[in-house]
Amino acid sequence: MGAVIIFSQDNTAEKIEDKFKSTYVNSRYWDAFGDLLDAVFLPGYSKLHEMVKCEEGEYLKFYSFAELSKQDFNLAIRLIREYISEQKNPTEWQRMAQIVWKEIAEPYIVQDDRYEPN
């Protein structure tokens, strides 16, 4: 089983399939990425954690960056990037989470209107 990461929402889109920028993630990688989000947000950013790691639906599991304000969106990105850069000898599980971030999430993140480089 896999799950979806929702990056942004376009309320001006006419078709439902155009409303969300999202992607499917394999379940093991999904779990690793979830652990990364826990490690990044739980120590000091519980509100961000609550917003990104929304409650799971019965048939759909998802993490969402769509509801974050511009400030919180960029804070989340900075915190995730800093956490990953500090991992000097990542475990296999941490490498899986890094793959989700670097190869799946970041390409969507940098296209978001809220994204501010630096």
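Predicted model: local features only at pLDDT ≥ 70, side-chain atom pairs only at ≥ 80, totals over all residues.
Let me begin with helix 2, which covers residues 27-41, has 15 residues, and reaches 21 Å from its first C-alpha to its last, close to the 21 Å expected at 1.5 Å a residue. Its buried residues are Trp-30, Ala-32, Phe-33, Gly-34, Leu-36, Leu-37, Val-40 and Phe-41.

Helix 4, at residues 70-85, has 16 residues and spans 23 Å between its first and last C-alpha, which is close to the expected 22 Å. Buried along helix 4 are Phe-73, Asn-74, Ala-76, Ile-77, Leu-79, Ile-80 and Ile-84.

Now to the core. In the largest nonpolar core, which has 25 residues, the ones that touch the most other members are Phe-41, Phe-65, Ile-80 and Trp-101. Helix 2, helix 3 (46-52), helix 4 and helix 5 each supply at least two residues of this core, and the largest share, seven residues, comes from helix 2. If we set aside residues up to four places away in sequence, Phe-41 touches Ser-46, Leu-48, His-49 and Val-52, and also Ala-76, Leu-79 and Ile-80.

Finally, I would like to turn to Gln-87, which sits in the loop between helix 4 and helix 5 (92-109). Is Gln-87 buried or exposed? Its relative accessibility is 14%, and because the cut-off for buried is under 20%, Gln-87 counts as buried. Leaving aside neighbours within four places in sequence, Gln-87 is in contact with Gln-94 and Gln-98.

Note on methods:
Residues numbered from 1 in each chain as written. Heavy atoms only, no water. Helix = DSSP H or I, 4+ residues; strand = E, 2+ residues; numbered from the N terminus. Expected span 1.5 Å × (residues − 1). Buried < 20%, exposed > 50% of the residue type's maximum accessible area, 1.4 Å probe, protein only. Contact = heavy atoms within 4.5 Å. Core = buried A, V, L, I, M, F, W, Y, C linked by side-chain atoms within 4.5 Å.
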